[in-house]
Amino acid sequence: MTDSRPLQGESPVAQLDVTISACEDGAFQKRGHKARILSPEEAEKLAREQVLVSDFKQQKLEKEAQKNWDLFYKRNSTNFFKDRHWTTREFEELKACREFEDQKLTILEAGCGVGNCLFPLLEEDLNIFAYACDFSPRAVEYVKQNPLYDAQRCKAFQCDLTKDDILENVPSDSVDVVTLIFVLSAVHPEKMHLVLHNLYKVLKPGKCVLFRDYGLYDHAMLRFKSTNKLGENFYVRQDGTRSYFFTDGEWPAE
């Protein structure tokens with residue numbers, strides 16, 4: 001099996017960008033995506049790959065999902081992903097959601113990893129308080145051990161967003177912006193809606209979720225072998241972590 005993650009500093013060729021507004025009626029609104037077109041050879045390769053990983057192994061992967069991500073961070077420490085200094089540039093909504101220039105914002109980074117997005121954002125914008133959570137206890141400890149971690153400006157905690165009540169750590173209707181950046185793809189497709197409904201509980205009415213993740217037919221998807229396929233657009237890496245590749249029409253908030 002092959003590890004299909006982009007290398008440090010490498011960006012996915014196909015990605016889905018979505019801004020989701022939390023409306024008063026509980027609906028979500030979305031916009032924006034970027035896809036790529038398959039070559040004939042790539043289309044033929046995907047057409048041949050129809051055999052799925054066994055149900056037994058899939059159940060084992062789901063049961064051991066947290067352990068596999070914890071082991072990933074044990075192996076790679078804080079060195080695998082590059083710091084994301086592009087967040088405010090790519091997501092204009094981080095600035096646009098302010099009513100005045102120095103307004104303080106409360107954000108929640110869901111799936112914070114070791115802080116590659118969190119700390120650049122806190123350094124760039126001094127008027128942000130951030131909640132940050134991750135599935136992996138080890139990743140959260142790395143965040144707290146970072147010299148830039150300041151309990152006056154951020155609160156990091158472990159959370160399985162598919163089942164843990166986020167209200168235990170974040171007050172209801174208190175967050176201006178939630179970021180979901182290369183996170184939801186690691187969740188089983190049947191549980192993605194649970195993550196979104198959990199996050200919605202802490203989001204202020206009319207505020208937004210900023211989402212970026214792997215798009216359908218990204219090169220990372222095409223690097224997988226047929227033995228890695230778990231389902232439609234859903235694959236497992238060598239280390240047991242999983243990745244889903246989104247299309248605009250399959251957004252789980254629908």
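Below are legends for several close-up views of this predicted model.

Residue numbers start at 1 in each chain and follow the written sequence. Local features are given only at pLDDT of at least 70, side-chain atom pairs only at pLDDT 80 or more, and totals for chains, interfaces and linings take in all residues, while side-chain values rest on heavy atoms, with hydrogens and water left out.

**View 1**
Helices (H or I, at least four residues) and strands (E, at least two) are DSSP runs, numbered from the N terminus. Of the 254 residues, 52% count as buried; buried is under 20% relative accessible area, exposed is over 50%, and partly exposed is in between (1.4 Å probe, protein chains only). Take the contacts with a separation of 6 or more: 74% of them are between residues 24 or more positions apart. A contact here means heavy atoms within 4.5 Å.

**View 2. Helix α3 (residues 65-76) against helix α7 (residues 137-145).**
Two packed helices are described by the angle between their axes and the distance between the axes. Here the axes come within 7 Å and cross at roughly 40 degrees. α3 and α7 are therefore oblique to each other. For the cut-offs, angles under 35 degrees count as roughly parallel, over 145 as roughly antiparallel, 65 to 115 as roughly perpendicular, and the rest as oblique. The axes are lines fitted to C-alpha atoms, for helices over the stretch in contact, and angles run from 0 to 180 degrees between N-to-C directions. On the α3 side the contact is made by Gln66, Asp70, Tyr73 and Lys74, and on the α7 side by Pro137, Arg138, Ala139 and Tyr142. Sorted by class, the contact has 4 nonpolar, 1 polar and 3 charged residues. Nonpolar covers Ala, Val, Leu, Ile, Met, Phe, Trp, Tyr, Cys and Pro; charged covers Asp, Glu, Lys and Arg; the others, Gly among them, are polar.

**View 3. Strand β3 (residues 105-110) and its parallel partner β4 (residues 128-134).**
With 6 of its 6 residues buried, β3 is largely enclosed by the rest of the structure. Leu105, Ile107 and Glu109 point one way from the strand, and Thr106, Leu108 and Ala110 point the other way. So where does Glu109 end up, buried or exposed? Glu109 is buried, like the others in both sets. β3 pairs with β4 over 6 bridges, and Ala110 stands opposite Cys133 of β4. Two strands pair if DSSP finds at least two bridges between them.

**View 4. Strands β6 and β7, running parallel.**
The two are joined by 6 bridges, and Val178 sits opposite Val209 in β7. β7 (residues 203-214) is mostly covered, with 9 of its 12 residues buried. In the loop between β5 (154-158) and β6 (175-181) there's Asp173, whose phi is near 50 degrees, a positive value in a residue other than glycine. Asp173 is partly exposed, at 44% relative accessibility.

**View 5. The open sheet of 3 strands, β8-β9-β10, with antiparallel pairing.**
β8 (229-231) and β10 (242-244) are the edge strands, each with a single partner, so one side of each has no neighbour in the sheet. Ignoring direction, neighbouring strands are turned by 25 degrees against each other on average. β8 and β9 (residues 234-236) are joined by 2 bridges, and Gly231 has Phe234 as its bridge partner in β9. Asn233 lies in the loop between β8 and β9. Asn233 isn't a glycine, yet its phi is positive, at about 65 degrees, and with a relative accessible area of 6% it is buried. Over in β10, Ser243 is buried too, with a relative accessible area of 0%. Beyond neighbours within four places in sequence, Ser243 is in contact with Ser185, Tyr214, Asn233, Phe234, Tyr235 and Arg237.

**View 6. Ile37, in the loop between β2 (28-29) and α1 (40-48).**
Ile37 counts as exposed, at 75% relative accessibility. Which C-alpha atom is separated by 7.4 Å from that of Ile37? That of Tyr217, 180 residues apart from Ile37 along the chain.
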